[in-house]
Amino acid sequence: MDVNIPLIVLGLIVLLVVIVVWRSVLIVQQGYQVVVERLGSFNRILEPGLRFLIPFFDGVRQRIDMREQVVPFPPQPVITSDNINVSIDTVIYYQVTNAYAATYEIADPMTAIEQLAVTTLRNIIGTMDMEQALTGRDRINDQLRSVLDEATGRWGIRVSRVELKAIDPPRTVQGAMEQQMKAERDRRAAILTAEGVKQSQILTAEGEKQAAILTAEGQAQSTILKAQGESRAILQVFDAIHKGNADPKLLSYQYIKTLPEIANSSSSKLWVIPTELTAALDSVAKGFGSGNKPNGPFEDDSPTGADFDSASEVAESLANTSLEDVDAALASARGDAAQASGEAAQAGELGGRRHAAQQPSDSGSAPVPRPNDGRRPETEGGAQ
């Protein structure tokens with residue numbers, strides 16, 4: 001037994017050395033920090049890597065993850081300002097920035113953050129109605145993150161982001177919201193349909209207006225061109241007649257030739273024989289008779305064929321006939337009409353002055369005696 005005692009003591013010494021080496025060597029992983037206490041008080045914080053401790057004196061208080069973490073919170077019932085109970089799921093993104101404060105300033109940081117988030121969320125949602133809560137998620141997230149970051153700053157924790165994962169109103173409210181959205185969509189569809197019909201009617205009216213304007217302009221241009229053509233034809237015929245020096249025989253013949261066309265008109269129900277017909281017939285009879293010139297309405301003082309010896313000369317003269325321009329002829333006619341109107345006005349004014357001179361004046365003066373023309377004056381009682 002005396003021989004085994006040294007072996008037992010040696011084994012105990014080896015075991016003690018292994019324990020001391022195991023307790024003195026510490027490996028800190030990347031992204032973590034280790035809070036070390038010596039004899040129960042804070043000593044230091046170990047960074048990632050191989051670190052050595054004093055056995056039986058130094059101890060590890062807490063191993064802290066320094067990476068950003070995501071913590072989902074269970075749905076919380078919240079009441080809005082219009083007394084609607086909604087359920088809100090919240091997700092918080094946070095990161096430990098100070099291992100010492102996170103270890104010694106707060107006992108349970110996750111529970112503290114959850115309770116603070118629920119309290120702040122109820123305060124924010126309580127000032128909003130249902131519509132604002134559903135459409136103002138960004139504003140709610142910013143306010144909630146600001147409050148949490150300010151409160152957890154002294155705990156060595158930074159809240160980087162807060163998200164509302166879901167806002168679930170009651171089923172009855174969801175049904176009412178669906179009906180409201182359906183009515184809103186129907187209203188927008190009706191408005192869009194009415195706007196389309198309105199635009200269609202406006203475009204149709206604009207098209208009809210433009211078509212009517214173009215039609216009226218076309219008719220006006222057609223009427224103007226037709227009138228110009230007729231005026232040119234009239235001037236050409238009138239000029240040809242004067243160039244040909246037509247006698248009363250030709251005019252009477254053309255007059256009689258036109259009468260059947262008047263009678264054959266489809267709109268003529270009654271044919272009135274003009275009073276000049278007998279005179280025209282008389283001129284024709286006398287023109288083709290003995291050659292004596294009648295003293296009628298178609299009497300011609302110029303000898304027949306005085307300017308042209310044969311029909312060829314008449315045709316040549318008609319071929320060389322040049323018409324005056326329509327606009328110049330109309331301007332000349334208007335000038336002659338204006339001159340005639342001025343002369344008529346001057347004649348009327350002169351006649352009025354003469355008539356005023358012959359009337360007795362209103363001043364009570366005696367009338368001007370007329371000269372005696374050789375007849376005896378008459379008295380009131382009769383002739384003397």
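The UniProt record, in an unreviewed entry, lists residues 7-28 as "transmembrane region"; UniProt positions follow the numbering used here, feature names are shortened, and annotations may be inferred rather than shown by experiment. This is a predicted model, in which local features need pLDDT of at least 70 and side-chain atom pairs count only at pLDDT 80 or more, while totals for chains, interfaces and linings use all residues. Residues are numbered from 1 along each chain as its sequence is written, and side-chain values use heavy atoms, with hydrogens and water left out.

In the model, the span 7-28 is 82% helix and 18% strand, and its end C-alpha atoms sit 36 Å apart. Helices (H or I, at least four residues) and strands (E, at least two) are DSSP runs, numbered from the N terminus.

Next comes the nonpolar core, meaning a set of buried Ala, Val, Leu, Ile, Met, Phe, Trp, Tyr and Cys residues joined through side-chain atoms within 4.5 Å. Buried stands for under 20% relative accessible area, exposed for over 50%, and partly exposed for anything in between (1.4 Å probe, protein chains only). The largest such core has 34 residues, and I88, I92 and L121 touch the most other members. Two or more residues each come from β6, β7, α2 (99-104), α3 (109-125), α4 (130-135), α5 and β8 (157-168). Helix α3 gives the most, with 6 residues. Apart from this core lies another, of 6 residues, with L26, V34, L46 and L53 among them.

As for I92, contacts (heavy atoms within 4.5 Å) beyond four places in sequence take in Q69, V70, V71, F73, I113, A117, L148, V159, R161 and V162.

Two threonines round out the picture. T152 belongs to helix α5 (residues 137-152) and is buried, at 0% relative accessibility. Its side chain reaches the backbone oxygen of L148 at 2.7 Å. Leaving out residues up to four places away in sequence, T152 touches I113, I157 and V159. The C-alpha atoms of T152 and A112 are separated by 8.9 Å, although the two residues are 40 apart along the chain.

T80, by contrast, is in a loop, the one between β6 (69-79) and β7 (85-96). T80 is buried too, because its relative accessible area is 4%. The T80 side chain makes a polar contact with the side chain of D82 (2.3 Å); a polar contact is a pair of N or O atoms within 3.5 Å, where within protein one must be able to donate a hydrogen and the other to accept it, and residues adjacent in sequence count only if both atoms are side-chain atoms. Beyond neighbours within four places in sequence, T80 is in contact with V86, I125, G126, M128, D129 and M130.
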